[in-house]
Amino acid sequence: MTYRVIFAPSCLHNIDARLAYWREQQVADNAVQRWFDHLWSALERLETLPYAFPIDRFATRASALPIRKVTLGDDLVFYQIREAQREVWIVALVHGATRAEASDDR
């Protein structure tokens with residue numbers, strides 16, 4: 001059975017901010033496309049295997065539901081599973097260097 005993947009407005013804002021930064025830095029279009037391909041590939045896995053990625057204890061402390069994370073190179077994608085609705089909510093995309101504690105699950 002599949003889950004519906006939904007992007008929270010905060011995550012869409014994170015992606016827009018990343019694209020704006022890359023435009024400012026004049027990152028090559030093919031590099032941006034590779035990043036998107038990698039991101040979509042990981043998100044497609046969430047449709048069928050949402051429990052495949054670990055719970056992030058740091059992010060979960062601030063939420064009512066467990067928050068899981070997908071590590072994509074230097075980026076972290078945080079999401080919640082809403083089992084009753086068969087939904088995966090993508091809540092944030094964060095560059096790992098901006099939140100070092102995200103990879104330190106104490």
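Which residues are exposed on the other side of α1?

Reply: Before we get to that, a bit of background. This is a predicted model, where local features need pLDDT of at least 70 and side-chain atom pairs count only at pLDDT 80 or more, while totals for chains, interfaces and linings use all residues. Residues are numbered from 1 along each chain as its sequence is written, and side-chain values use heavy atoms, with hydrogens and water left out.

Helices here are DSSP runs of H or I with at least four residues, strands are runs of E with at least two, and both are numbered from the N terminus.

Let's start with what α1 hides. Cys 11, Ile 15, Arg 18, Leu 19 and Trp 22 are its buried residues. They sit on the same side of α1, because they cover an arc of only 95° around the axis. That arc is taken from the directions from the helix axis to the C-beta atoms. Your answer is on the other side of α1, where Pro 9, His 13, Arg 23 and Glu 24 are exposed. As for the words, buried is under 20% relative accessible area, exposed is over 50%, and partly exposed is in between, using a 1.4 Å probe and protein chains only.

What covers the buried residues of α1? The cover includes β1, α2, β3 and β4.

(A nonpolar core is a set of buried Ala, Val, Leu, Ile, Met, Phe, Trp, Tyr and Cys residues joined through side-chain atoms within 4.5 Å.) Leaving aside neighbours within four places in sequence, Val 70 is in contact with residues including Ala 42, Leu 46, Phe 53 and Tyr 79; contact means heavy atoms within 4.5 Å.

Ring pairs link Phe 7, Trp 22, Trp 35, Phe 36 and Trp 40 into a cluster. Rings of Phe, Tyr and Trp (its six-membered ring) pair if their centres lie within 6.5 Å, and planes under 30 degrees apart count as stacked, over 60 as edge-to-face and the rest as tilted. The structure holds four aromatic pairs. In one of them, Phe 7 and Trp 40 have ring centres 5.6 Å apart and planes at 85°, so the pair is edge-to-face. Phe 7 lies in β1 (residues 4-7) and Trp 40 in α2, so this pair ties together parts that are 33 residues apart in sequence. Phe 7 counts as partly exposed, at 23% relative accessibility, and so does Trp 40, at 36%. Trp 35 and Phe 36 also pair edge-to-face, with centres 5.0 Å apart and planes at 75°. Both count as buried, Trp 35 at 13% relative accessibility and Phe 36 at 17%.
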